[in-house]
Amino acid sequence: MLREIGAKAAYSDFPVLPHLFSFDCALNDRKKRVLRHDSRLVTPSKHHIPPTPNVTIHAMSVVSKGLEGIVAAETRLGEVRGSEGVLFYCGYDINELAGKASYEEVVHLLFYNHLPNRAELDKLTTALRAERELPQGVIDFLKAAPKDARPIDIMRTAVSMLGCYDQKRHDIDVSENLATAIRLVSQIGVIAAYFHRARQGLDLPPVRKDLSEAAHFLYLMNGEVPSVEAEKTLDVAYVLHAEHGFNASTFTARVVASTLSDMFSAISAAIGALKGPLHGGANEGVIHMLQEIGSLDQVDGWVEDALAQKKKIMGIGHRVYKVLDPRAPHLREMAVQLTSQLGETKWIDMSERIAQIMRERKNLNANVDFYSATVYYSLGIPTDLFTPIFAIARMSGWTAHVLEQWSENRLFRPLSDYVGRSYGQKFVPIEER
Ligand SMILES: CC(C)(COP(=O)(O)OP(=O)(O)OC[C@H]1O[C@@H](n2cnc3c(N)ncnc32)[C@H](O)[C@@H]1OP(=O)(O)O)[C@@H](O)C(=O)NCCC(=O)NCCS
């Protein structure tokens, strides 16, 4: 039974009761042990649980609202160092990759844990392009689905349907599932683009094998091959969104995978988690916010009102980054370039002012979603495809995490902190209640 010995206490205030506490509470020197997903206690060198009002310590466990500061498992895929503003994939800083590595190279990095040589990249690219064709049943669904459905919901459903067409879906063999992962990375963009065309009553052009992942999505969406610049912009956005540690959707995928469910279930659950406005849905929220504000001169008043009403400003703040999200400057630069080329700088001007106010007033920074909204808008992508683009790019990270989960699986099963009616209630027959 959990025995609460401290309520909502900051670590530094917490009394040390070693005889009650298997958990090392020598917190003043901040060398803390953390619970791994297998419930063993480890003392990591780099993970520090920050003092936070959201953490309550019990005799046998730590209650951390939103799992803040909890290390749930190990990963070789990526790390977010929030206090330094550093993100890296398999050891490569995001600043090393963005603008240099293609999305396909990053997919290789995540799936095989190294950047590919030319032959390896060709092999993966060929495999990805060979898998673009969707089963006819999924195409029929995309055509028949309600035209006003949200594309992200269609993608979640279509991924689930893909599972019904995969004879080996219950097999958790890693090489089988690597093939599934490649297929999902390849097909997710086709699903989004085809639905976008189908909802407008447009034809669905046959898939092509001569275009990169980013170019192929834009080609299917618009029915014409994109400019090199548009392809490059989307490719960099894909690279920036591919992986991000144990974010909510990736963690969701790993939790589902940990039950030894199948890849399609894990990924449809991840898409469901991503769409929320506190996660990947924020990029759409940013454009809605900019549209609602309307013009630069309205920004200050709108933000002040929103803060007074304790509203969240979309695209601002982050659970892990306490300094600038390292992805944001790349997207900001692309947004500045694109809007100035279009001769329409209104959105970026407004965004810059919002970011400045939030830095000054709340010490909060723009996150990945803040500037990506203007980038996608400037590429002519409809707002309700912004979160789908996040899902397309993150498919590589999600599937890589599912494979990693299975390679060293242990069921995720945290405890909860029961705060309900006291134990021992007696059953009263319905007539007597
Ligand atoms: C990302 C996010 C969910 C992280 O949330 P969190 O770690 O749980 O942080 P909290 O919601 O507890 O916020 C901590 C404080 O910062 C404030 N805050 C955080 N993000 C804020 C935002 N976007 N706008 C206004 N205030 C914000 C909270 O109001 C709170 O202030 P308080 O202590 O005075 O009450 C949160 O920053 C957010 O909702 N951002 C907007 C949505 C978004 O862009 N999501 C994409 C993330 S990549």
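Visitor: Which helix has 12 residues, and how far does it reach from its first C-alpha to its last?
Guide: That's helix α10, residues 263-274, which reaches 16 Å, close to the 16 Å expected at 1.5 Å a residue. The expected span is 1.5 Å times one less than the number of residues. Helices here are DSSP runs of H or I with at least four residues, strands are E runs with at least two, and both are numbered from the N terminus.

Visitor: Where do these coordinates and numbers come from?
Guide: It's a predicted model, where local features need pLDDT of at least 70, side-chain atom pairs count only at pLDDT 80 or more, and totals for chains, interfaces and linings use all residues. Residues are numbered from 1 along each chain as its sequence is written.

Visitor: Back to α10: mostly covered or uncovered?
Guide: Mostly covered, with 10 of its 12 residues buried. Buried takes 20 or more other C-beta atoms within 10 Å of a residue's own, exposed is 12 or fewer, partly exposed is in between, and C-beta atoms are placed from the backbone. Among the buried ones are M263, F264, I267 and L274.

Visitor: What covers them?
Guide: The cover includes α5 (151-165), α6 (174-199), α9 (248-258) and α16 (386-407). Contact here means C-beta atoms, placed from the backbone, within 7 Å.

Visitor: OK, strands now. How does β5 run relative to β6, and how many bridges join them?
Guide: β5 (residues 78-81) and β6 run antiparallel, joined by four bridges. Strands pair if DSSP finds at least two bridges between them. G78 is partnered with Y89, and R81 stands opposite V86.

Visitor: And what's in the turn of that hairpin?
Guide: Four residues lie between β5 and β6, and G85 in the turn has a positive phi of about 70 degrees.

Visitor: Which residues of β6 are on the covered face?
Guide: L87 and Y89, while V86 and F88 are on the uncovered one. In a regular strand the side chains alternate between the two faces of the sheet.

Visitor: What does β6 do with β7?
Guide: β6 and β7 (residues 92-93) pair antiparallel over two bridges, with Y92 as the partner of Y89. Two residues separate the strands of this hairpin, and C90 in the turn has a positive phi of about 45 degrees.

Visitor: Switching to the ligand: how many residues surround it, and which are closest?
Guide: There are 17, and the closest are A282, I313, I316, G317 and R319. Near means a C-beta atom, placed from the backbone, within 6 Å.

How values were computed:
Contact = placed C-beta atoms within 7 Å.
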